Amino acid sequence: MSVSRRCLCCVKYLMFVFNLIFWLGGCGLFGVGVWLSFTQSDFSSLPLSFPSLSAANLLLVAGGVTMITGFLGCLGALKEQRCLLMTFFVILLVLVITEVTLTLILHIFREQLDTKAQNELKNGMGDYETNQGLQKSWDSVQKMFKCCGVINQTDWYSVRNTLPTSCCSGEVDPCKNGWNEPCYQKARRWLLDNITSVLIFGVCIGIVQIFALAFSLYMYCQILRAEKYLD
């Protein structure tokens, strides 16, 4: 076996291992997204801008795309097909660029995005009396996080004369002295406390993606060179 062939075999199996880790990482992200969706199912009637709901949807999409991309990479490495390898490289490159762009957008415009999300939630509060699903969701949020309103409890006075009973301990009716903490910040804090390990895991997946890009490109070039040599 020639040196170039041995090198190609080494890269092939390394790429397979990296993509297997990548695929398993996608399964992990998807699993966390499913878990978050189930734990927040009582909040399903709230706008998707609610922190935990938007995170669940993002993890489900990211996990699904990562699993498909990882599978393509494993298949391309084993089959040594240039078409599969190039498809994998392009999809992964687009995925990496999208991830970096989204991270920058979320970091740069985090205050504007927070304000927009809070306004959406406040506007949605207007349907509290008429929408039973929304009412149940808001009551569940306020009971779980022991909070009241989006920014503060006065948010409720723009849509009703008294605070919802879920704003008070023991569901006192009428509720006059509700929880002081805002629901948006409380939910956001809860999300950050519970998703730190996922963020670290995401960084590790990012490193694996960079290696997978390099290996797939190198393998593609090696196969192309071998085909030209045989011709």
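**Overall fold**

In what order do the elements of the protein chain run from the N terminus on? They run α-α-α-α-α-α, and the chain holds six helices and zero strands. Helices here are DSSP runs (H or I, at least four residues) and strands are E runs of at least two, numbered from the N terminus.

A word on the basis: this is a predicted model, where local features need pLDDT of at least 70 and side-chain atom pairs count only at pLDDT 80 or more, while totals for chains, interfaces and linings use all residues. Residues are numbered from 1 along each chain as its sequence is written, and side-chain values use heavy atoms, with hydrogens and water left out.

**Nonpolar cores**

Of the 231 residues, 39% count as buried (under 20% relative accessible area, with a 1.4 Å probe and protein chains only). A nonpolar core is a set of buried Ala, Val, Leu, Ile, Met, Phe, Trp, Tyr and Cys residues joined through side-chain atoms within 4.5 Å. The largest one has 27 residues, and Leu36, Trp138 and Trp156 have the most contacts inside it. Elements giving two or more residues to this core include α1 (3-39) and α2 (51-79), but α6 gives the most, with six.

A second, separate core of 21 residues includes Phe88, Leu213, Phe215 and Tyr220.

**A look at Gln209**

Let's turn to one residue of helix α6 (residues 183-230), Gln209. Gln209 is buried, with a relative accessible area of 1%. Its side chain makes a polar contact with the side chain of Glu99 (3.1 Å); such a contact is a pair of N or O atoms within 3.5 Å, where, within protein, one must be able to donate a hydrogen and the other to accept it, and residues adjacent in sequence count only if both atoms are side-chain atoms.

Leaving aside neighbours within four places in sequence, Gln209 is also in contact (heavy atoms within 4.5 Å) with residues including Phe22, Leu92 and Val96.

Technical notes. Buried means under 20% relative accessible area, exposed over 50%, partly exposed in between (1.4 Å probe, protein chains only).
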